[in-house]
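Welcome, and thanks for taking a look at this one. Please have the sequence and the model side by side as you read the briefing below.

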Amino acid sequence: MNKILFDAHPAELTPEQSLLSKKMSTFADAMEQRVFEETSKLNNTQSEQTKYFEYEAADYVVKVVRGDVVEKCGFMRTVVKKEMPPMMPEPLVNRYIQIDIYPSTPLVGMLHIAMNFSYYKDGGDMVGGIMDVTPGTVIEEDITFIKGQMDNLFAKHKLDIAPFRAPLLKENHKEKLKASCIGVSFFKMPFLEIDENNFTLVKESVETMFDSYLQVLIKRKDQQFSNDDVEAMFDMRKRWLEKQFFWDPFASTDLAPYEVWSLQDLPPQVRF
């Protein structure tokens, strides 16, 4: 996928829609730059890999950095070009970004952030996403800090965060993955329609989740840990792998190609 496709602004868009789709493109650029600037600061040594994937239904760009502190960090851009039933109607404009981070320290969990922005040919639209931390060792101080930062953001927007956190507290995400459930999910009905306020809410949620997680990682990266912490980390990574293969609505159903999502978000190491 070239950047022209990710930044496409069809003539069918209204001036407001075109402006907001450009803002999404600008945000994706800024977020990608921020993520890799921060990983570069943390890592003493690192390698980079970028792969481009073109399919009939969607195109993808995945950039992965591997290092000694941030063991693996992936940033993915996606443009869905065709209908993906039952998850997505045929898009007029689609922009999707995803961030996944596995630190080398077992004291900090795995970060997953996704943001989707779509105008559909049937006249509908949505902006949303999902973000959370899946821990191995649970450090309540860190969980409380990230949760509080997200709570404060929603309070600033005069919104009750509970309905946006509720999807995380159900079934597989909480019970099988054992995620911390301190982030939010906008993938709930009714979806947020695209306007300035909703775009800003989702954008700032992505920024707040990343920034608060980064603060925790900086604090914990050099602290000593035990063999139990290492075992807890590998248990968590195995749970994430199982999620992707068995119950994730995109990965496990082949809506997203294996060679794409495995590069982007599977753990760098897993133990069986």
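Is helix H8 mostly covered or mostly uncovered? H8 is mostly covered, with six of its eight residues buried. Keep in mind that this is a predicted model.

**Helix H8 and its cover**

- The buried residues of H8 are Val 260, Trp 261, Ser 262, Leu 263, Gln 264 and Asp 265.
- Strands S1 (46–54) and S2 (58–67) are among the elements that cover these buried residues.
- The cover also includes S3, S4, S5 and helix H7.

**The sheet**

- You will find an open sheet of seven strands, in the order S1-S2-S3-S4-S5-S6-S7, with antiparallel pairing.
- S1 and S7 are the edge strands, each pairing on one side only.
- S2 and S3 run antiparallel and are joined by eight bridges.
- Within that pairing, Lys 63 has Phe 75 in S3 as its bridge partner.
- In a regular strand, side chains alternate between the two faces of the sheet.

**Strand S6 and its neighbours**

- S6 is a mostly covered strand, as nine of its 10 residues are buried.
- On one pairing, S6 runs antiparallel to S5, and 10 bridges join the two.
- Phe 117 sits opposite Val 127 of S6.
- The hairpin of S5 and S6 has four residues between the strands, and there Gly 123 adopts a positive phi near 100°.
- S6 also runs antiparallel to S7 (residues 184–185), joined to that strand by two bridges.
- Here Ile 130 stands opposite Ser 185 of S7.

**The largest pocket**

- The largest pocket holds about 1400 Å³ of space.
- It is lined by 47 residues, and those closest to its centre are Met 87, Ile 130, Phe 187, Pro 249 and Phe 250.
- Two or more lining residues come from each of the strands S3 (70–80), S4 (91–103), S5 (110–120) and S6 (125–134).
- The helices that give two or more are H5 (171–176), H7 (227–246) and H8 (258–265).
- Which element gives the largest share of the lining? That is S6, with five residues.
- Sorted by class, the lining has 28 nonpolar, 11 polar and eight charged residues.

**Ser 25 in helix H2**

- Ser 25 belongs to helix H2, which spans residues 15–42.
- Why does Ser 25 count as buried? Its relative accessibility is 4%, and the cut-off for buried is under 20%.
- The side chains of Ser 25 and Arg 95 make a polar contact at 2.9 Å.
- Leaving aside residues up to four places away in sequence, Ser 25 touches Phe 6, Asp 7, His 9 and Arg 95.

**Ala 232 in helix H7**

- Ala 232 lies in helix H7, one of the elements that cover the buried residues of H8.
- How many residues apart along the chain are Ala 232 and Gly 136? They are 96 residues apart, while their C-alpha atoms are separated by 4.5 Å.
- With residues up to four places away in sequence not counted, Ala 232 touches Gly 136 and Thr 137.

Terms used
Residues are numbered from 1 along each chain as its sequence is written. This is a predicted model: local features need pLDDT of at least 70, side-chain atom pairs count only at pLDDT 80 or more; totals for chains, interfaces and linings use all residues. Side-chain values use heavy atoms; hydrogens and water are left out. On a 1 Å grid over the protein atoms alone, a cavity is a set of points where a 1.4 Å probe fits but cannot get out, and a pocket is an open set with protein on both sides within 12 Å along at least five of seven lines; lining residues have an atom within 4 Å of a point. Grid points are joined across faces, edges and corners, and a volume is the space filled by probe spheres set on the points. Ala, Val, Leu, Ile, Met, Phe, Trp, Tyr, Cys and Pro count as nonpolar, Asp, Glu, Lys and Arg as charged, and the others, Gly among them, as polar. Buried means under 20% relative accessible area, exposed over 50%, partly exposed in between (1.4 Å probe, protein chains only). Two strands pair if DSSP finds at least two bridges between them. A polar contact is a pair of N or O atoms within 3.5 Å; within protein, one must be able to donate a hydrogen and the other to accept it, and residues adjacent in sequence count only if both atoms are side-chain atoms. Contact means heavy atoms within 4.5 Å.
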